[in-house]
Amino acid sequence: MIRAERLSRRFGALLALREAEFHVPRGSVTGFVGPNGAGKSTVMRMICGLLKPTSGRILVDGLDPLLRPLEVRRRLSYLPGETSIYLHMKGREFLDFLASFREGRDGELERRLPRLFELPLERKVRTYSAGMKQKLALCAVLSAPVPLLLLDEPTRGLDATMRAQFMDALDLLREKGRTILVSSHHLADIEKVCDRMLFLLEGRVVPHERVESLRRDLSKRVRVRLAEGFRPEDLTLPPGSTWEVRRGWVHITPPGEPKALVAALADQPVEALLWGRAELEEIYRRLYLESAGEGEG
């Protein structure tokens, strides 16, 4: 659905995007991950045709947003990182107003999404909290009967309960075959719902092969929480193992396969042990440290 080819964007002396190459498969839910200033919002604006690439190109359903802007915009619904809503309208009036610009409507989504987000549509928008305004914007964007959804920090201002309901909404849209590109700083949340991830660091897309290599390496790590009163130095580990402490957990990297390490920890003062698939947050942390030139601590 989306294909970027050597995509670059410069703002004066700042090169915000550097020959990025990636694709978003049709019908996928793709997470777009990176620190502030990495270029995520810039990419989404170029997909919409709101920004012109300095070099390279981006295609949406095979169409260039600069050459065929109306055809591209008819295919997508975009939630920017910062939204503006008409405060004098009631919630339902606002949704109907935006829907009037579209070709066709999805009555099922227009009914289900406000209920899912628990929105009081008969109240004036000016009485809404910041979180409620964000949910109203989400309802407007997600209910559009288009094949592509671009969501830039959609969970901004939402509490944990509402973020979970947003994830339920994405599952509903996945069932309808929508293609979704979503950026978020809530890594644990989007990891649960996304089929795949794009990592953007310093304007560059991290190659898929590097991400998978790192995922394999990190999956060998064993994380343990020690019983009260014990320290990592009290553990007996296989020769060559290294460890570090983060957030109360001891992260241990054995020299080989972790099975021997897990067996060795069975009779030691360990209250909890995690071993298996690397979490998105850990992968992101390692990639960020590499890009910053810090290596692994």
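At what angle do helix H8 and helix H10 pack, and how far apart are their axes?

**Figure 1. Packing of helix H8 against helix H10 in the predicted model.** Helix H8 (residues 208–218) packs on helix H10 (residues 280–291) at an angle of about 120°, and their axes lie 10 Å apart. The two helices, H8 and H10, are therefore oblique to each other. The crossing in which H8 passes H10 is right-handed.

**Figure 2. Residues in the contact of H8 with H10.** From H8, the residues Arg210, Val211, Leu214, Arg215 and Leu218 take part; they meet Glu282, Ile283, Arg286, Leu287 and Glu290 of H10. Classified by residue type, this contact of H8 with H10 holds five nonpolar and five charged residues, with no polar ones.

**Figure 3. Packing of helix H5 with helix H6.** An angle of about 5° relates helix H5 (residues 130–142) to helix H6 (residues 160–175), and the axes are 12 Å apart. Because angles under 35 degrees count as roughly parallel, H5 and H6 are described as roughly parallel to each other. In H5, Lys135, Leu138 and Leu142 meet Met162, Phe166, Ala169 and Leu173 of H6. The contact of H5 with H6 comprises six nonpolar residues, one charged residue and no polar residues.

**Figure 4. Confidence of the prediction along the protein chain.** The mean pLDDT of the chain is 90, and 98% of its residues reach 70 or more. Among the elements of the chain, strand S6 (residues 148–152) has the highest mean pLDDT, 97, whereas H10 has the lowest, 79.

Terms used: Residues are numbered from 1 along each chain as its sequence is written. This is a predicted model: local features need pLDDT of at least 70, side-chain atom pairs count only at pLDDT 80 or more; totals for chains, interfaces and linings use all residues. Side-chain values use heavy atoms; hydrogens and water are left out. Axes are lines fitted to C-alpha atoms, for helices over the stretch in contact, and angles run from 0 to 180 degrees between N-to-C directions. Helices (H or I, at least four residues) and strands (E, at least two) are DSSP runs, numbered from the N terminus. Angles under 35 degrees count as roughly parallel, over 145 as roughly antiparallel, 65 to 115 as roughly perpendicular and the rest as oblique. A crossing is left-handed if the near helix is turned anticlockwise from the far one by less than a right angle, and right-handed if clockwise. Contact means heavy atoms within 4.5 Å. Ala, Val, Leu, Ile, Met, Phe, Trp, Tyr, Cys and Pro count as nonpolar, Asp, Glu, Lys and Arg as charged, and the others, Gly among them, as polar. pLDDT is the predictor's confidence in each residue, from 0 to 100.
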